[in-house]
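Please look at the structure below with its charged side chains in mind. The report that follows describes how some of them pair.

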Amino acid sequence: MPGQLLELNPPIVEHIEVGIFVVNSAFEVQLWNQFMVRHSGKTAEEVLSHNLFDLFPELPQKWLEKKLRSVFLLKHFSFVSWEQRPYLFKFPHNRPITGGVDFMQQSCTFMPLRGEQGQIENICALLYDMTDVAIYQRQLQQALHQLEETNNRDALTGVFNRRYTMQRLLNEAERAQRYHSPLSVLMFDLDHFKQINDTLGHLAGDEVLRVCSRHVVQLLRESDILGRFGGEEFLIILPQTDLDGVKLLGDRLRHAIEQLDVLIEDKTIQITASFGGACLMEGMQDIEDLIQVADLALYQSKHAGRNRVTVC
């Protein structure tokens, strides 16, 4: 069989930049082209008439045997994309290590080959180097993820922006109602923030917002979502949290912000914050009702003298 193949067009079989190898029903190699020689480090003389799995024990034998037997049985082509199985052979590649792939990424086509009697006697495998495609796709996905992340973030503080926060709150509210689990929100804003802007300037105010938001993030659970709602006002989404939990977290954050020193040039600024919390309750029509209750609780904290936590 390898002789018959090579007689058809030796330059194509031997020099095409595609791996070509042929195995019989006993998985013994019948043809091994130059692509396979270069990337495997094994010459045709070393592999011909030898069992493929003995030669390459790292191959996924159980999966590949099943794939090859199905081609023999069904007498149809079979294709496996690198996206389904990144590689068959652990061939090295010469791309930069920053590409994020360990081995050559490969797509494979398996073709049944008929003998003189019309029976399927061998399978020809075509192995395509898809490493560049894999690297470019990975880079594209990373770029798209970074772009999406940027679009969801507040440019000044780095926390989530209002649009994304509202979408997440809608999703969490639907989940809470579906599974009958508690969901709360905690709103807060910085006390006398306008005075900071008026006396020290907007750059100082921006730094206060950045320092405060970074500090609050460190005190939240991974499942909590902090978003800048506008100006000096923030909203925290608290899945699996009831009103007692909201009050506990609010007191913790209030105390942490009160103890926070913000250094602006040669001045140290002390800040405080007022909090309002609410829990999703039966009878609320939508998330706007939940936010309205939390906003009312925040107003009560402000009206009662600031630097305090109110839950409704």
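At 22% relative accessibility, R168 counts as partly exposed, where buried means under 20% relative accessible area, exposed means over 50%, and partly exposed lies in between (1.4 Å probe, protein chains only). This is a predicted model, in which local features need pLDDT of at least 70 and side-chain atom pairs count only at pLDDT 80 or more, while totals for chains, interfaces and linings use all residues. Residues are numbered from 1 along each chain as its sequence is written, and side-chain values use heavy atoms, with hydrogens and water left out.

Side chains of opposite charge can pair when their charged atoms come close. A salt bridge is counted here when a side-chain nitrogen of Lys or Arg lies within 4 Å of a carboxyl oxygen of Asp or Glu, and by this rule there are 13 salt bridges. The table gives three of these pairs.

| Salt bridge | Closest N and O atoms |
|---|---|
| E172 and R168 | 3.7 Å |
| D224 and R221 | 2.6 Å |

E172, the partner of R168, is buried at a relative accessible area of 10%. Both residues lie in helix α8 (residues 162–179), four residues apart and therefore separated by about one helical turn; helices are DSSP runs (H or I, at least four residues) numbered from the N terminus. R168 and E172 are also linked with R175 in a network of salt bridges.

D198 and K194 are likewise four residues apart, about one turn of helix α9 (residues 193–200), and both are exposed. In the remaining pair of the table, D224 is buried, with a relative accessible area of 10%, whereas R221 is partly exposed at 39%.

Note on methods. Helix = DSSP H or I, 4+ residues; strand = E, 2+ residues; numbered from the N terminus.
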